[in-house]
Amino acid sequence: MNNFTFHNPVRVLFGRGQISKLATEVPAGARVLLTAGGGSIKANGVLAQVRAALAGHDVREFWGIEPNPRYETLMKAVELARADKVDFLLAVGGGSVLDGTKFIAAAVPFPGQDPWDIVSKSATIEAALPIGAVLTLPATGSEMNCYAVITRGEHKLDFGHPLVYPRFSVLDPEATLTLPARQIGNGIVDAFTHTMEQYLTYPAGAPLQDRLAESVLRTLIEVGPLTYADPTDYDARANLMWAATMALNGVISVGVPQDWATHAVGHVLTALHGIDPVSYTHLTLPTNREV
């Protein structure tokens, strides 16, 4: 097994009703910027829960963070955060909203002329706004790691820094029950691929990490079809949500080699063609397969 240092500071609030605890997680005197995507959280009731939980807080909202979040959009949020002297960010959405919010967190106090340097030149990050998250789509694992992927033009690049770990992440499986089958399918494959990038490499004398990775893969294979058969199956969605988080929170990667070549190819394709990382519309999930 290779040497490693492991630290994950994210506080996870998992399960039904956990959104109501936001008031105790977001600092009472903070000037909060809520970041969101296209508006699905309005329809599924998540936004109403968040607003109710933060009724006594100073909150403004920024909407429109795209799948594969774009630099130009995120810079509008950066300008708003600077103008309003925001000192806490709350991402409410899926992995793209979280990724974009991590960039916003690093860009607001960035002293350089072009915050794109954070992504394109690995510029030093010396400060970042604190982040909280309410996850609505299990897929990327961004809710429990310090990495993000940002798109600008034909470039889709990643960055990471310990300062952009979320302080907390709320994972309520009920927030995922109304997701379209396509998004759930994409999320399952994304989590599966994350796991494989850390598992399907070469032996490193780390059987525990291998078996943890195998447990994530087997769980995805088991619960994936259940979420398709019954989108209201809370237990299936709960296990899917936690498996996707475990796929990329650092636990299965310590002390073992990693690849990420497949993801690098996917980044180029999505930047050039604007496609989903994986389109699962016409695929059938396995119902009984050994890992």
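1. In this predicted model, the side chains of aspartate 58 and arginine 60 meet in a salt bridge, with an N to O distance of 3.3 Å. Aspartate 58 is partly exposed, at a relative accessible area of 33%, whereas arginine 60 is buried, at 14%. The value for arginine 60 falls under the 20% limit, and the residue is therefore classed as buried.

2. The pair belongs to a wider arrangement. Arg31, Asp58, Arg60 and Asp84 are linked in a network of salt bridges. The count of salt bridges in the model comes to 8.

3. A further salt bridge joins the side chains of glutamate 61 and arginine 51, at 2.9 Å from N to O. Glutamate 61 lies in strand β3 (residues 58-62) and arginine 51 in helix α3 (residues 46-53), so this pair ties together parts that are 10 residues apart in sequence. Both partners are partly exposed: glutamate 61 has a relative accessible area of 28%, and arginine 51 has one of 45%.

4. Glutamate 174 forms a salt bridge with arginine 16, and the closest N and O atoms are 2.9 Å apart. Glutamate 174 is found in the loop between β8 (168-171) and α7 (181-199), while arginine 16 is in the loop between β1 and α1 (22-25), so the contact ties together parts that are 158 residues apart in sequence. As to accessibility, glutamate 174 counts as partly exposed at 38%. Arginine 16, at 51%, counts as exposed, because its value is over the 50% limit.

5. On helix packing, two packed helices are described by the angle between their axes and the distance between the axes. Here the axes of helix α4 (residues 71-83) and helix α5 (residues 95-107) come within 9 Å and cross at roughly 50°. The crossing of α4 and α5 is right-handed.

6. A nonpolar patch on the surface is formed by Met1, Phe4 and Phe6, which together have about 320 Å² of accessible area. Of these residues, methionine 1 lies in the segment before β1 (11-14). Methionine 1 is exposed, because its relative accessible area of 51% is over 50%.

Notes
Residues are numbered from 1 along each chain as its sequence is written. This is a predicted model: local features need pLDDT of at least 70, side-chain atom pairs count only at pLDDT 80 or more; totals for chains, interfaces and linings use all residues. Side-chain values use heavy atoms; hydrogens and water are left out. Patches are made of residues with over 30% relative accessible area and no salt bridge: like charges are joined within 9 Å, nonpolar side chains (Val, Leu, Ile, Met, Phe, Trp, Tyr) within 5 Å. Accessible areas come from the Shrake-Rupley method with a 1.4 Å probe; for residues, only the protein chains shown count as cover. A salt bridge is a side-chain nitrogen of Lys or Arg within 4 Å of a carboxyl oxygen of Asp or Glu. Helices (H or I, at least four residues) and strands (E, at least two) are DSSP runs, numbered from the N terminus. Buried means under 20% relative accessible area, exposed over 50%, partly exposed in between (1.4 Å probe, protein chains only). Axes are lines fitted to C-alpha atoms, for helices over the stretch in contact, and angles run from 0 to 180 degrees between N-to-C directions. A crossing is left-handed if the near helix is turned anticlockwise from the far one by less than a right angle, and right-handed if clockwise.
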